[in-house]
Amino acid sequence: MTTLFFELALTFYFTAAIISVVELFRSSKTTTKVMLLFVAVGFILHTVSIVLRYADAGRMPVVNPHEATSFFSWCIVLLFLILEFRYNIGLLGSFIMPLVFVLMLSSAMLPREIKPLSPELQSYWLSIHTLLAFIGNAAFAMAAGIGIMYLIQERYVKSKHPSGLFQRLPSLQILDEINYRLITIGFPLLTLAIITGALWAQSAWGSYLKGDFRVVWAIITWLTYAVVLHTRLLAGWRGKRAAILSIIGFLTILIAFFGIKLLGKGLHVFL
Amino acid sequence: MNILVVGLNHKTADVDIRERLTFNGQKLEEGLRRIKTLPDVKEAVILSTCNRVEIYTVVSSAAAAHESIKNFISEFHGIDRSALETTLYAYEGINAVRHIFRVAASLDSMIVGEPQILGQIKDAFEFSLRKKATGILLNKLMKKTISVAKRIRTETKIAENAVSISFAAVELAKKIFTDLSSKSFMLLGAGDMAELAARHLANSGVRDVIVANRTYETGCELAKEFNGRAVRFEDFMHEMVHTDIVICSTGASKYVLMKEQMQKVMKERRQKPVFIIDISVPRNIDPEINNIDNVYLYDVDDLQGVVDTNVQGRQKEAENAEVIIAEEIETFQKWLISLDSVPTIVALRERADAVKKEEIEKLLNKLPALGEKERDAVEYMASAIINKLIHPPTTALKEDSEDRDILIAAIRKLYGLDEKGE
């Protein structure tokens with residue numbers, strides 16, 4: 001059952017991604033609405049698949065790579081829908097939905113069997129820690145997407161040849177504001193994720209710092225975003241620099257997420 | 001019945017001729033009244049703007065009406081007819097419909113996509129409607145015209161991008177800042193072009209306006225006009241720290257703002273974005289400033305470049321608009337054809353009734369002895385005969401068939417409906 005819902009969600013996201021790319025070239029209010037409808041239906045199906053998997057496994061479905069990428073996509077779509085209804089940003093979908101589709105596709109290709117979790121890791125910390133980490137990282141992903149939009153729009157204005165997407169992209173100010181807001185959401189969540197991770201390590205192994213490569217990387221990510229916020233608040237780094245930093249920040253997350261496999265197995269069992 | 005447009009526009013007539021042919025105020029009412037009295041004219045609307053004067057009419061004979069309208073214009077405005085020959089154009093039938101649609105959609109305007117013309121057409125139509133100068137055909141045509149123009153406005157991007165320097169500046173400002181109402185704006189110097197752009201910005205609701213002019217008094221006057229405040233020119237650098245949009249046109253022969261100075265300002269503003277528009281020629285602001293992060297500098301040529309791109313964009317959209325017009329003409333033509341059958345049916349009926357009446361009278365004259373009952377019976381029989389006879393052609397006319405216009409022509413000829421003195 002969970003497979004069926006997952007595949008359906010994938011199909012809906014795929015369609016939405018196609019429409020969102022078409023939107024870059026020609027758009028109307030109808031195409032945006034249709035795209036959002038597909039995202040929303042896909043999201044509902046996706047939610048059902050995750051809930052069913054939770055029931056099957058008896059724990060948060062974030063333990064193997066298939067589950068983790070799927071749940072990460074779910075968080076991004078959730079944030080996308082919230083942003084879309086709150087700010088109605090033109091073309092945001094075109095920058096987010098292809099990413100969601102790629103994530104879901106990689107999730108679909110990863111092995112899906114439910115593996116038992118080692119007993120010392122079975123605790124309520126699993127849900128708390130991963131939920132915080134995933135939503136925080138999703139906020140950073142959105143911030144990077146918005147950052148790319150900012151850089152494109154900034155290019156149009158600076159080059160003095162505003163054409164193409166210029167009319168349909170939102171203003172620089174709103175992109176910068178949302179980028180900042182997303183980071184102010186993501187940063188405390190990441191901080192809490194690191195703290196809860198340490199507490200979990202303490203309860204499982206009796207040590208706060210029994211870390212692996214991912215823990216180190218999480219701290220690097222945390223420092224990156226600390227720099228983004230610090231330079232913004234103290235030196236007034238905004239706009240282009242903030243956008244670039246938020247993209248760099250998200251790249252470090254992606255390295256943490258996918259790169260670890262290349263560096264050997266760590267305690268984060270799913271990768 | 002035919003639709004006829006006679007008129008001139010900025011392409012066919014110089015401004016001095018256009019001025020002399022204008023129908024304004026009293027002249028409009030008088031002109032409309034007199035056109036309606038021309039022998040071939042049934043309905044009329046006069047459109048008179050600074051770029052065009054056009055008379056839309058429904059006429060019984062296009063050729064005759066064309067002549068009489070030309071004569072009327074020449075006489076009414078006191079212009080020699082020969083002067084009108086080269087400037088006036090005329091369209092009839094479906095070409096007239098196409099022309100009116102194109103004018104309303106602003107495809108025939110000096111600036112393609114400009115929005116005023118539609119309002120002017122609405123006003124012209126409403127005036128004629130009030131003066132009872134329009135009838136079934138023009139009412140339908142003008143309403144259709146307005147809806148076609150609206151459809152083009154929403155379905156194409158013909159009116160989307162700014163095609164004047166000052167509007168282009170406002171449009172750019174809106175892509176840098178979300179909400180202009182929380183932004184402050186400084187006018188540096190007081191050239192005419194700068195004033196125009198400033199007016200557009202002020203109209204789009206900036207929060208406060210600062211004027212810095214070399215002559216402080218002139219600055220004060222301008223500031224009063226914009227509900228702003230004036231500062232001494234020497235102090236403008238200090239004001240830059242709190243200003244989000246600057247329009248500069250000082251007439252100075254060298255740069256009044258250098259890159260290093262702007263870098264200092266940006267530091268003090270904590271990198272908050274600034275949009276600077278340098279309208280002065282020669283330029284007053286170091287172009288290098290555009291390379292500073294969060295500073296966006298546009299000079300006159302840059303803005304003109306934006307305008308040129310937008311004009312090209314509109315011309316491309318105009319092609320889409322022509323497609324819509326072709327579609328709408330087709331539906332209007334269908335309506336025109338359906339309308340044609342109605343007068344024919346009416347004429348056929350009238351013809352039959354006239355014959356009936358005539359023949360009954362003749363009969364009653366010959367047989368004066370008939371009683372009330374017999375007379376009724378005769379009348380009833382005559383009605384029954386003509387009803388039976390004209391029923392099939394009436395039904396055929398009402399049907400929406402391919403060859404209806406042929407049928408209409410045939411019936412008119414066979415029953416002699418177009419002959420006079422019936």
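This is a predicted model: local features need pLDDT of at least 70, side-chain atom pairs count only at pLDDT 80 or more; totals for chains, interfaces and linings use all residues.

Author: Residues are numbered from 1 along each chain as its sequence is written, chains are lettered from A and ligands numbered from 1 in the order in which they are written, and side-chain values use heavy atoms, with hydrogens and water left out.

The contact (heavy atoms within 4.5 Å) takes 26 residues from chain B and 27 residues from chain A. Between the two chains an area of about 2,200 Å² is buried, and carbon and sulfur atoms give 45% of that area. Such a buried area is the accessible area (1.4 Å probe) that two parts lose on being put together, summed over both.

Within chain B, one place to begin is helix 12, residues 259-268. Helices (H or I, at least four residues) and strands (E, at least two) are DSSP runs, numbered from the N terminus. Which residues of helix 12 of chain B are buried? They are Met262(B), Val265(B) and Met266(B), where buried means under 20% relative accessible area, exposed over 50%, and partly exposed in between (1.4 Å probe, protein chains only). These residues cover an arc of only 100 degrees around the axis, which puts them on the same side of helix 12 of chain B; the arc is that of the directions from the helix axis to the C-beta atoms. On the other side of helix 12 of chain B, Glu260(B), Lys264(B), Lys267(B) and Glu268(B) are exposed. The cover over the buried residues of helix 12 of chain B includes helix 11 (236-240), strand 9 (274-278) and strand 10 (295-299) of chain B.

The chain beyond this helix also deserves attention. Most residues other than glycine have a negative phi, and most peptide bonds are trans. Helix 12 of chain B is followed by Arg270(B), whose phi is positive, near 55 degrees. Gln271(B), which is not a glycine, has a positive phi of about 65 degrees. Gln271(B) lies in the loop between helix 12 and strand 9 of chain B, and it counts as buried because its relative accessibility is 17%. In the loop between strand 9 and strand 10 of chain B stands Pro282(B). The peptide bond from Val281(B) to Pro282(B) is cis, with omega near -5 degrees.

Chain B has an open sheet of 6 strands in the order 7-6-5-8-9-10, with parallel pairing; two strands pair if DSSP finds at least two bridges between them. Its edge strands, each pairing on one side only, are strand 7 (229-232) and strand 10 of chain B. Strand 5 (residues 184-188) and strand 6 (residues 208-213) of chain B pair in the parallel sense over 5 bridges, and Met186(B) stands opposite Ile210(B) in strand 6 of chain B. Helix 8 (residues 165-176) of chain B lies across strand 8 (245-248), strand 9 and strand 10 of chain B, at about 165 degrees to strand 9 of chain B. For such angles, axes are lines fitted to C-alpha atoms, for helices over the stretch in contact, and angles run from 0 to 180 degrees between N-to-C directions.

Chain B also has an open sheet of 4 strands, in the order 2-3-1-4, with antiparallel pairing. Here the edge strands are strand 2 (41-48) and strand 4 (89-92) of chain B. In strand 2 of chain B, 6 of the 8 residues are buried, so this strand is largely enclosed by the rest of the structure. A hairpin of 3 residues joins strand 2 to strand 3 of chain B, and 7 bridges hold the antiparallel pair together. Helix 2 (residues 26-37) of chain B lies across strand 2 and strand 3 (52-59) of chain B. Helix 6 (residues 116-130) of chain B also lies across strand 2 and strand 3 of chain B, running at about 140 degrees to strand 2 of chain B.
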